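Trainee: Show me how to read this model, one feature at a time.

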Amino acid sequence: MILLRFLVASSLLALSASCSSGGLSHLDSSLVHNGRPTEAEAYSDFLIARFAAMTNDPQKAAEHYALAIDSAPEKSGIADRALFASLLSGDYREGVRVAKRANTLGSEAALVRLTLAVEALRVGREDDAKQMLEQSRFGPFNRMIARGLSAWRVVDTQGTDAAVRYLEDGLSGDPRLDSATLYMMGLIEMSAGNDDAALSVFDTLWDSSARLAVGVEAHAQLLASRGQRDRALEILNTFDEQVGHNASIARLSQAIASGDKIKVRRLTPDEGAALAIYVPAAALMSQTSDDVSAVYFVLALALDPELHVARSLWAQSLSNAERWDEAIGVLARVPETSAFYATSRGQIAWALQRSGRSQSALAVAAEALDHSPDRGLQIQIADLYRAVGRQEQAEALLTEIIRDDASHKREDWRLFYARGVSRGELGDWPEGERDLLKALALQPDDASLLNYVGYSYVDRGEHLDFAMDMIRRAAEMEPNEGYIIDSLGWAHYRLGDYETATQHLERAVELEPGDPVLNDHLGDAYWQTGRKLEARFQWRRSLTLDPADGERDRIEAKLVAGPNVPLVKQAESGAGAQLPKPVRP
């Protein structure tokens, strides 16, 4: 708060100076009464709001931006900020109130118009929604959302055919570029019962390699409802392999495989409009590491509170911004009946773990596993066990998942990779190596896997040529990944090539300057090349970067006596292992 008070005081001093320069006759009358200009409160609230926004407190930011609106010189701009902060804090009702004020003040901000359009759709004011969704007033991203919202508004007011024609007018002719619009078109046709038309759209999208979970789920529902269960399962399994686990997809796949009767879900206009916001927001979140997409998930949930996939991703965006408690609060509202309930429990466990509450995380994980056998949840919990050092539990759970996968004729390289790491940590290198080679055979072109297997061999002195080949390939594939470049440098170090090691380790620290391990490794390389002053500097820097508990004493010892890392030699123990042939990129 010291910085904040300084900023406020500086602003007030500037205001005071400007008033005094003109003499007493120019003083604002409020100064005579309370010693402060009327703008002072506005500037104070604005600076508090800015500080709150910078320190990840959108609720406080929203409160003080709102207080600054009436007395601020530039009212609409402050109102726009207040709206963004309100939605970012998850307060939709306050967001609507602020959006109305901003609109009255003449704001043309896209978020203001989208918020008012959502509220108008929600309460059935179609004319207001149409006015707010005028697309010429939006940039490309928000225009995509506005177009989707408008299509579902047209469904409600003019019917399905008019909505489809409206969407067709905006198509480019390339299914890859039009995928979001085409998925909306397919969902609109399906919601009206025009299943042949919907299937035609979904088939076109699938053939173009478009993979949107809500669209793929609808596609599979239609196929299964018509008796094409094998085709539906093929599509769902392909999605799982290419894109990853999705709770709704997994639930539908299980229902189809079990022979259950599949009911096609026909969306209401509000449910469709919610998806028109959710789909672009999910794409935005996949391309950013901040929580900006959260504001769109809040708008989507205002239209469809049962869109729990949006709640799940909203919580993920909050976790990306380290707003752990808020993420847990959002996830706690996912009901047990939701397909995303199990996933939400896993997310809660991870939020607890990442915020330093490991015991609570493990308790939630155990409860979640007792509640549900969901495969996605099992994978989340196995990763959690690995993160907290419970390798035996991780290995056992991963073995259970792999065994179940085998009964369904499925092999997931990521599970073999994870179990191989756990088995190695448990001291069972032969079994760990077997898993890692299995993962490598299934996926020979993953940089992280290549890096891990290669470095494991270097560290053990086994298959050194093959190991260095893998690490080099990983570095070629991901030249800006600091941890991979560090592995390349550290492998050269362990083999005694200190000059080459130093070059790579310097590059690694440039890429990841805040990593204690990378700085420690560079210090060792400097020491071996005679640059002892620089070595001690790197070790001291590593100590300031919060190294693991066991590492601190080791680094402090090196400040006195230097490093003691033995060179590796070709070991005989691994000479007979069956290695896959290196695959050149």
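**Reading the features**

Mentor: Start with asparagine 142, which counts as buried because its relative accessibility is 14% (buried is under 20% relative accessible area, exposed over 50%, partly exposed in between, using a 1.4 Å probe and protein chains only). This is a predicted model, where local features need pLDDT of at least 70 and side-chain atom pairs pLDDT 80 or more, while totals for chains, interfaces and linings use all residues. Residues are numbered from 1 along each chain as its sequence is written, and side-chain values use heavy atoms, without hydrogens or water.

Trainee: Where is asparagine 142 placed, and which residues does asparagine 142 touch?

Mentor: Look in helix 9, residues 140-158 (helices are DSSP runs of H or I, at least four residues, and strands are runs of E, at least two, numbered from the N terminus). Setting aside residues up to four places away in sequence, asparagine 142 touches Ala110, Leu114 and Tyr296 (contact is heavy atoms within 4.5 Å). With tyrosine 296 there is also a side-chain polar contact of 2.8 Å (N or O atoms within 3.5 Å; within protein, one able to donate a hydrogen and the other to accept it, and sequence-adjacent residues count only if both atoms are side-chain atoms).

Trainee: Which residues touch the most other members of the largest nonpolar core?

Mentor: In soluble globular proteins, nonpolar side chains tend to be buried together. Here the largest nonpolar core has 174 residues, and Leu149, Trp152, Leu187, Phe202, Ile277, Tyr278 and Leu307 touch the most other members (a core is buried Ala, Val, Leu, Ile, Met, Phe, Trp, Tyr and Cys joined through side-chain atoms within 4.5 Å). Take isoleucine 277: beyond its neighbours within four places in sequence, its contacts are Val118, Ile145, Leu149, Tyr296, Leu299, Ala300 and Leu303.

Trainee: How many aromatic pairs does the structure hold?

Mentor: A ring pair is described by the distance of the centres and the angle of the planes. You'll find ten aromatic pairs here (Phe, Tyr or six-membered Trp rings with centres within 6.5 Å; planes under 30 degrees apart are stacked, over 60 edge-to-face, the rest tilted). One of them, tyrosine 278 with phenylalanine 297, is tilted, at 6.1 Å centre to centre and 45 degrees between the planes. Tyrosine 278 and phenylalanine 297 are both buried. Tryptophan 429 and tyrosine 457, in contrast, pair edge-to-face, with centres 5.9 Å apart and planes at 85 degrees. Tryptophan 429 belongs to helix 25 (residues 429-442) and tyrosine 457 to helix 26 (residues 447-460), so this pair ties together parts 28 residues apart in sequence. Tryptophan 429 and tyrosine 457 are buried too.

Trainee: Which residues do ring pairs link into a cluster?

Mentor: Trp413, Tyr417 and Tyr452.

Trainee: What is the phi of serine 209, and what is the phi of lysine 409?

Mentor: Most residues other than glycine have a negative phi. Serine 209 has a positive phi near 75 degrees, and lysine 409 a positive phi of about 55 degrees. Serine 209 lies in the loop between helix 12 (195-207) and helix 13; lysine 409 is in the loop between helix 23 (391-407) and helix 24 (413-425). Serine 209 counts as exposed, at 53% relative accessibility, and lysine 409 is exposed at 81%.
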